[in-house]
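Visitor: I would like to learn how to read a structure like this one. Could you walk me through it?

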Amino acid sequence: MESKQIYLRFLNLIHALDGGEGAPAMDLDAKKLLEVIAVRHAQEKPLTVTDAMALDTIASPATIHRKLDQLRELGMIDTVFEGKNRRTKYLVPTQSAQNYFDQVGQVMQQALAQA
């Protein structure tokens with residue numbers, strides 16, 4: 001099966017996952033922001049709130065601020081402090097976000113297995 005077919009199958013499975021019961025109600029901007037937060041956290045270079053606000057390739061600072069609030073309310077991210085510096089907040093994915101990424105990974109494996 002060609003790559004395009006695999007990718008389209010993956011998208012179909014992702015849409016089914018996103019529409020399923022218990023799926024977090026995130027729009028595309030919120031998902032992209034969550035992905036950036038998770039990747040930076042995995043690289044052990046956590047994103048600060050200030051860094052996130054500067055991600056103008058995702059959305060305007062006002063929209064990013066709303067999406068951060070949305071992700072916090074959904075339980076997908078949390079803010080933490082490092083060391084004694086109480087002014088800088090770092091964004092980290094929660095266990096709920098990790099579970100979501102596990103589900104996406106399983107969908108990806110399923111799409112590849114059907115190839």
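**An aromatic pair in a helix**

Guide: Gladly. Tyr7 and Phe10 both belong to helix H1 (residues 3-18), where they sit 3 residues apart, about one turn of the helix. Please keep in mind that this is a predicted model.

Visitor: How many aromatic pairs does the structure hold?

Guide: There are 2 aromatic pairs in the structure. Tyr7 and Phe10 make up one that is tilted, with 6.4 Å centre to centre and 35° between the planes.

Visitor: Is Phe10 buried or exposed? And what does Tyr7 count as?

Guide: The cut-off for buried is under 20% relative accessible area. Phe10 has 16% relative accessibility, so Phe10 counts as buried. Tyr7 counts as partly exposed because its relative accessibility is 49%.

**Helices that cross**

Visitor: Let's turn to helix packing. What describes two packed helices?

Guide: The angle between their axes and the distance between the axes. Here, helix H2 (residues 28-42) packs with helix H4 (residues 61-73) at an angle of about 75°, and their axes are 10 Å apart. Angles of 65 to 115 degrees count as roughly perpendicular, so H2 is roughly perpendicular to H4.

Visitor: Which residues make that contact?

Guide: H2 contributes Asp29, Ala30, Leu33, Leu34 and Ile37, while H4 brings Thr63, Ile64, Lys67, Leu68, Gln70 and Leu71. By class, the residues of this H2 contact with H4 are 7 nonpolar, 2 polar and 2 charged.

Visitor: At what angle do H2 and helix H5 pack?

Guide: H2 and H5 (residues 95-113) pack at about 100°, with axes 12 Å apart. These two helices are therefore roughly perpendicular to each other as well. Lys31, Leu34, Glu35 and Ala38 of H2 meet Ala97, Tyr100 and Phe101 of H5. The residues in the contact of H2 with H5 divide into 5 nonpolar, no polar and 2 charged.

**Strands and a hairpin**

Visitor: Now the strands. How many bridges join strand E2 to E3?

Guide: Strand E2 (residues 77-82) is joined to E3 by 5 bridges, and the two run antiparallel. E2 and E3 form a hairpin with 2 residues between them, and Gly83 in the turn has a positive phi of about 65°.

Visitor: Which strand do 2 bridges join to E3?

Guide: That is strand E1 (residues 47-48), which runs antiparallel to E3 (residues 85-93). To find the pairing on screen, look for Thr48, which stands opposite Tyr90 in E3.

Key: Residues numbered from 1 in each chain as written. Predicted model: local features only at pLDDT ≥ 70, side-chain atom pairs only at ≥ 80, totals over all residues. Heavy atoms only, no water. Axes fitted to C-alpha atoms, helices over the stretch in contact; angles between N-to-C directions. Helix = DSSP H or I, 4+ residues; strand = E, 2+ residues; numbered from the N terminus. Parallel < 35°, antiparallel > 145°, perpendicular 65-115°, else oblique. Contact = heavy atoms within 4.5 Å. Nonpolar A, V, L, I, M, F, W, Y, C, P; charged D, E, K, R; others polar. Pairing = 2+ DSSP bridges. Phe/Tyr/Trp six-rings, centres within 6.5 Å; stacked < 30°, edge-to-face > 60°. Buried < 20%, exposed > 50% of the residue type's maximum accessible area, 1.4 Å probe, protein only.
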